[in-house]
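User: I've got a model open on my screen and I'd like to talk through it. Can you take my questions one at a time?

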Amino acid sequence: MRIAVAQINPVLADFQFNKEKILDFVSQAVQRKCDLVVFPECTLFGYHPFDLLEREKLVAKQEAEFKDLIKKLPKDIGVIMGLITRNPAKKGRPYFNSAALIAKGEKPRFFHKQLLPTGDVFDEARFIESGDVVEKLFQMEREEVLPDHL
């Protein structure tokens, strides 16, 4: 299995720009015959959104760009990328800091960050709910992958 690591510098809340950057790096990974490309956390939103998460319309805009991105991704490569997702529960914080696995045309699978920084300049727990320990193992190209940093 060939894995590409795309260490990009997304622009905070510029979803269109970030989406195009993601698509460009995925295209490069496809040209290099990679099976999977991995992006950093909050790739689509930019890190860290802090007070921007008070603006529900921005989160909705990111969700729309994510749906569009999924349609434009090539089907011959898997992608792991970070984004803000909604917490469907009535309890807790409104969002998760998630990694999405978009695996070769399948429905995206989400993994929520568990260990949230809460000191100094980072206060993720203000808007972000900690993820639960759930099965994180997935299979690609007959290889088992465990994204243990989530």
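User: What does the protein average in pLDDT?

Analyst: pLDDT is the predictor's confidence in each residue, from 0 to 100. A score of at least 70 is reached by 87% of the residues. The protein's average pLDDT is 87.

User: Where is confidence lowest?

Analyst: Helices (H or I, at least four residues) and strands (E, at least two) are DSSP runs, numbered from the N terminus. Confidence is highest in helix α1 (residues 15-31), at a mean of 97. Where pLDDT is low, the predicted coordinates should not be read in detail. At a mean of 59, the lowest spot is strand β7 (residues 143-145).

User: How many aromatic pairs are there?

Analyst: Rings of Phe, Tyr and Trp (its six-membered ring) pair if their centres lie within 6.5 Å; planes under 30 degrees apart count as stacked, over 60 as edge-to-face and the rest as tilted. By that rule, the count is two.

User: Why does the pair of F66 and F110 count as tilted?

Analyst: F66 lies in helix α2 and F110 in strand β5 (residues 109-112), so this pair ties together parts 44 residues apart in sequence. F66 is buried at 6% relative accessibility, whereas F110 is partly exposed at 35%. The ring centres are 6.0 Å apart and the planes stand at 55°, so the pair is tilted.

User: Now for charges: how many salt bridges are there?

Analyst: Side chains of opposite charge can pair when their charged atoms come close. A salt bridge here is a side-chain nitrogen of Lys or Arg within 4 Å of a carboxyl oxygen of Asp or Glu. Counted that way, the total is eight.

User: What is the N to O distance between K19 and E65?

Analyst: K19 is in helix α1 and E65 in helix α2, 46 residues apart, so they link distant parts of the chain. K19 is buried, with 2% relative accessibility, and E65 is buried too, at 13%. Their side chains meet in a salt bridge at 2.7 Å.

User: Which residues are linked with K19 in a network of salt bridges?

Analyst: D68 forms a salt bridge with K19, the closest N and O atoms being 2.4 Å apart, and D68 in helix α2 and K19 in helix α1 are parts 49 residues apart in sequence. D68, partly exposed at 23%, also meets K72 in a salt bridge at 3.1 Å. D68 and K72 are four residues apart in helix α2, so about one helical turn separates them. The residues networked with K19 are E65, D68 and K72.

User: Is N9 buried or exposed?

Analyst: N9 is in the loop between β1 (3-5) and α1. The C-alpha atoms of N9 and Y47 are separated by 9.0 Å, though these residues are 38 apart along the chain. At 63% relative accessibility, N9 is exposed.

User: Which residues is P94 in contact with, beyond its neighbours within four places in sequence?

Analyst: P94 is in the loop between β3 (78-86) and β4 (95-103), and it is partly exposed at 39%. Contact means heavy atoms within 4.5 Å. On that basis P94's partners are T85, R86, N87 and F127.

Terms used
Residues are numbered from 1 along each chain as its sequence is written. This is a predicted model: local features need pLDDT of at least 70, side-chain atom pairs count only at pLDDT 80 or more; totals for chains, interfaces and linings use all residues. Side-chain values use heavy atoms; hydrogens and water are left out. Buried means under 20% relative accessible area, exposed over 50%, partly exposed in between (1.4 Å probe, protein chains only).
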